[in-house]
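Subject: Structure for your files

Hello,

Here is the structure I said I would pass on. Please look it over; my notes follow below it.

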Amino acid sequence: MSNWLILPVLIPLIAGIVALFFPKHVTAQRVWAFITSMILIGVNIFLLTYILSNGIMTLELGGWEAPFGIVFVGDSLATLLTTTTALVALPIIYFSFSTIGVEREKYYYYSFFQFLIAGVSGAFLTGDIFNLFVCFEVLLLASYALIGHGGTKTQLKESFNYVIVNVVSSAFFVIGVAYLYAVTGTLNMAQLSERVSEAGSEPIITVIAILFLIVFGLKGALFPLYFWLPGSYSVPPTAIGAIFAALLTKVGIYSIFRTYSVIFNEETAVTHTILLVLSAVTMIIGVIGAIAYRDVKLILVYNVIVAVGFILFGVASLNSDAFVGAIYYLLHDIVIKAALFLIIGALITAAGTSKLSGMGGMIKHHPLLTWMFFISALALAGIPPLGGFPGKLMLVVGGAEAGHYIVVAVMMVASLLVLYSVIRIFLQGFLGEPMLTHAEQHGSIKAQMPPIVFLVALSAFMGFGAEIMYPFVESAAETLINPRAYVEAVLGGNS
Amino acid sequence: MKYNDIILQTVTKFISFLIFLFAVYIFFNGHQEPGGGFIGGLMTSAALVLLLLAFDMETVRRALPIDYKIMTAIGLVFAVGTGVGSFFFSAPFLSQTFGYFHFPVLGELELTTTLAFDLGVYLVVIGTAMTIIQTIGEDN
């Protein structure tokens, strides 16, 4: 049974490998990618419900016992995230059919996409910090290939920045892991948790914690390490930008969740204060960017950065309400960012430009797209009862409990400005004077609607079905606030 | 550019086989001692690169009509397949096992499932290295 835990990694991996054998058969590639992502969703949902009723599941790879071998740990947080990943991957794959272009599809697009999903799922599930690094490399290698895929000039320019930034941060990651190993003598996260709390308040632990914050901050686009993000997320084709915005920064955030709750949970005075300040500044910087730009893609990209600030504020507050909020917001943000990117992609296809000044009156020819955008915009800003609301509410409650009133205020203002930044697209791009007659539309977006509707429905479910979601999220927050259960599940009697 | 590379070509015809044989030795040696699929694969691709340097790409392609991208994929199938095998024996993913078998000429030998995994690594390394080198080489 415990072997099931590897399936969220194994299914996309096998799917990607098999797709390598018939690169030129585009239809077969599409059908295969679609079927395997459906299977992936099914397996993930099964695992999620199984873990909720039976507790944390572990898999010792190759039969090597923890803490010596590599363990995969399926707790609620990890499986919630892999499930959301699978749920977002399917619509984006469907969206790719009509937008990515046959040339890209022939050059292993779906294989790279699947390898990316495998890396992301692996990063969520692994219980070994070096294996976390390996999973990061898997997903980064796939993302290097995807960001430069097709090789247009701007793509190559931005992918160069992206590769350099990530290679440097990976180097720091290995250095951090080496320090941690030198101090504690282990790489297993559960055992690290024990050893670090035994080491107590040694300053070196704080140094390592900050080193990891830099590494994951770079991956997760935390201020001041977000500079690479706007360029590299806005140049690739929409489907690739959507999967990046939905998942890649989230892996960095998830790693901060894990390391800052399971491992570095003793001396929180320095590290969590830094995290608090950085998350507040990230919100402010992100929202300034979102308002300042007049290019729809860039407006969205800066909204990715705002969300990073919101979510990490929950980690900095360090109480169970804030964690519930952060996890809820994280899950919803994966869905809503994918939805908004796809909508904007469809909008750009129809309008033929990404400049806000060049579009208008889209509601005349694309009413469904317009209302999908409107709902997503409200959900993003956290208007009740839509999907962004429960998460944001709990973040505010948790933040107030921890006494961070100023940051709560910043968050409220930032939320309003986020709403302003997307409603501006709505008013100018979708309402307003029509720029194009029906004949002048640049492309049909009919084939792009099903995935958009699916994602918006998913987001709505997270709002209206908050009652159903809550037990899952609460149990995920429980393992973060009380890592004892995590440690015991992994080490059992061996500690 | 035209130059006389008769010495290089003559030597390469011998040397590349020697390198290849040594690579195979290193590959099998890797189970208990230094060596293995990765380093064996790199040495084999070194032999192939030497061929590419001495002769031109067309000649080598005619002598060895291999699609290296497919080779990579086959290697991945081997590597992942040995992991998946543990599903059928309800052992943890990536578990390995070994046994002793008697062979007609070689006598008793130890065979392990790790060998299949390593063969996968070997193929992936050759496939990837050669794909990269061919792609760079074709550009001029």
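**Helix α15 of chain A**

The buried residues of α15(A) are covered by, among others, α13 (296-317), α14 (320-351), α16 (388-401), α17 (405-430) and α18 (449-464) of chain A. Please keep in mind that this is a predicted model.

The residues of α15(A) that count as buried are L369(A), T370(A), M372(A), F373(A), S376(A), A377(A), L378(A), A379(A), L380(A) and A381(A). Helix α15 of chain A runs over residues 367-381, which makes 15 residues. From first C-alpha to last, α15(A) spans 21 Å, close to the 21 Å expected at 1.5 Å a residue. Directly after α15(A) comes G382(A), with a positive phi of about 85 degrees.

**Where chain B meets chain A**

How many residues does each chain give to the contact? Chain B supplies 16 residues and chain A supplies 16 residues. Together the two chains bury about 1,300 Å², and 80% of that lies on carbon and sulfur atoms. On the chain B side, the residues that lose the most area to chain A are V80(B), F87(B) and F93(B), which together make up 38% of what that side buries.

As for polar links, 3 residue pairs are in polar contact across the interface of chain B and chain A, both residues being at pLDDT 80 or more. The count of salt bridges across that interface is 0. Sorted by class, the side of chain B that touches chain A holds 12 nonpolar, 3 polar and 1 charged residues.

Regards

Definitions and conventions: Residues numbered from 1 in each chain as written. Chains lettered and ligands numbered in written order. Predicted model: local features only at pLDDT ≥ 70, side-chain atom pairs only at ≥ 80, totals over all residues. Heavy atoms only, no water. Contact = heavy atoms within 4.5 Å. Buried area = accessible area lost by both parts, 1.4 Å probe. Salt bridge = Lys/Arg side-chain N within 4 Å of Asp/Glu carboxyl O. Polar contact = N/O pair within 3.5 Å; in protein donor to acceptor, adjacent residues only side chain to side chain. Nonpolar A, V, L, I, M, F, W, Y, C, P; charged D, E, K, R; others polar. Helix = DSSP H or I, 4+ residues; strand = E, 2+ residues; numbered from the N terminus. Expected span 1.5 Å × (residues − 1). Buried < 20%, exposed > 50% of the residue type's maximum accessible area, 1.4 Å probe, protein only.
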